[in-house]
Amino acid sequence: MPIVKPINWLRRGVKEFLARGGLRLALPFCPDHAHIVTFHGLIDGPPRYATENTGGKHISVEDFQRIINWLRRHFPLVHLHDLIDSLAGGKQLPRNSVAITFDDGYESNYLLAYPLLRKHAIPATVFLTTRFLEERAPLWTCRVEYAVGRTQRTEARIEIESTMVSGTLNSDRERIELLGRLKSALKATDQSRLDEYCESIENQLGVRLDLAGDDDEPARQPLSWGQVGEMADSGLISFGGHSHRHVILGRCPEERMGEEVRLCNEILQSRLGDAQRTFAYPNGKPGDYSQTSHEAVAAAGFSCALITVEGPCTAGRTSPFGAPRVSVSGDTEPWSLVGRLVRPGANRAPAGTED
Ligand SMILES: [Zn+2]
């Protein structure tokens, strides 16, 4: 008999065991780590264009409910600030605690996620890109997705720093490919020139995203400060920083790096009051942060700087500056999180979910 069959039976058996609550029996014997889980936005319907949500960072309401219900059945859900305190030997947490976070500051966090969090009294932290809310200026990733998805042009030839990105745009597949290459080039470039490059892409493709007139894709809209205030008043939801313009700090000149985190914290303080705030790096992969960026984030007044590399948080071993997180995307099955939470690093999130 081929060996693959017993392996498949075993895999199905483990999945069934975990789905039926077996994890609760197994957890006390697993290593005691805390974890930070990351979401971005939610959607309640399919995207209108193929270039939107290609990395699955906006998950469906149904998937969000399934994952949250599974997490709350199996893990103590705690405030992020308590988890960060525990890393430095502060308040001790229950075994295998999990803190929920959201990146960027999408309005769907309020409209679609908050009702479920409030219903079950689940604490969460939302990391805000302050220019996104303050000026309702679209995130650069949304600008590029929109321009590539909707242009009438049939080919593009765009220079970003010394990299030429070109291709034809005759099918969804070609548009998704070009989008991937544009995003990679933009992530690698000097981040202080991101606005300039996005403008050049929009000019060449003849399309510009204006959030004020964009009512056909609610997933791109930012939270309003009124919605932020209402969630903050509940005591369940706290707010941290995610830079001012969603730039990759590790690829910023030092002066711009300092300005990004300082401005971000100043706006949060003026809008929400003078509190100790958490920070999450945009993108958050190796190379997107450094010792210099950790120092800039700390100097701006933030208490931690979270990355998107997967791993456990362990008191006395994990630094709050560089604390890992587990990312959830559109194709994440709740049971597949077991491997990533209990056996860290076993399963990596797709590369597209960190924008
Ligand atoms: Zn982000």
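Me: In this predicted model, a residue is called buried if 20 or more other C-beta atoms lie within 10 Å of its own. What makes Ala323 count as buried?

Reply: Ala323 has 24 C-beta neighbours inside 10 Å. The cut-off is 20 or more, so Ala323 counts as buried.

Me: What share of the chain is buried?

Reply: Of the 355 residues in the chain, 46% are buried.

Me: Where is Ala323 found, and which residues does it touch beyond those up to four places away in sequence?

Reply: Ala323 belongs to strand β10, which covers residues 321–323. With residues up to four places away left out, Ala323 touches Ile36, Leu87, Cys304, Leu306, Ile307, Cys313 and Thr318.

Me: How far apart are the C-alpha atoms of Ala323 and Thr308?

Reply: They are separated by 8.4 Å, and the two residues lie 15 residues apart along the chain.

Me: Why are strands β6 and β7 called paired?

Reply: Pairing requires at least two bridges between two strands. Six bridges join β6 (residues 155–160) to β7 (residues 163–168), so the two strands pair. They run antiparallel, and Ser166 in β7 is the bridge partner of Arg157.

Me: What do β6 and β7 form, and which residue in the turn has a positive phi?

Reply: The two strands form a hairpin with two residues between them. Glu161, in the turn, has a positive phi of about 50 degrees.

Me: How many helices and strands does the chain have, and what share of its contacts with a separation of 6 or more joins residues 24 or more positions apart?

Reply: The chain has twelve helices and eleven strands. Residues 24 or more positions apart account for 72% of those contacts.

Terms used: Residues are numbered from 1 along each chain as its sequence is written. This is a predicted model: local features need pLDDT of at least 70, side-chain atom pairs count only at pLDDT 80 or more; totals for chains, interfaces and linings use all residues. Helices (H or I, at least four residues) and strands (E, at least two) are DSSP runs, numbered from the N terminus. A residue is buried if 20 or more other C-beta atoms lie within 10 Å of its own, exposed if 12 or fewer, and partly exposed in between; C-beta atoms are placed from the backbone. Two residues are in contact if their C-beta atoms, placed from the backbone, lie within 7 Å.
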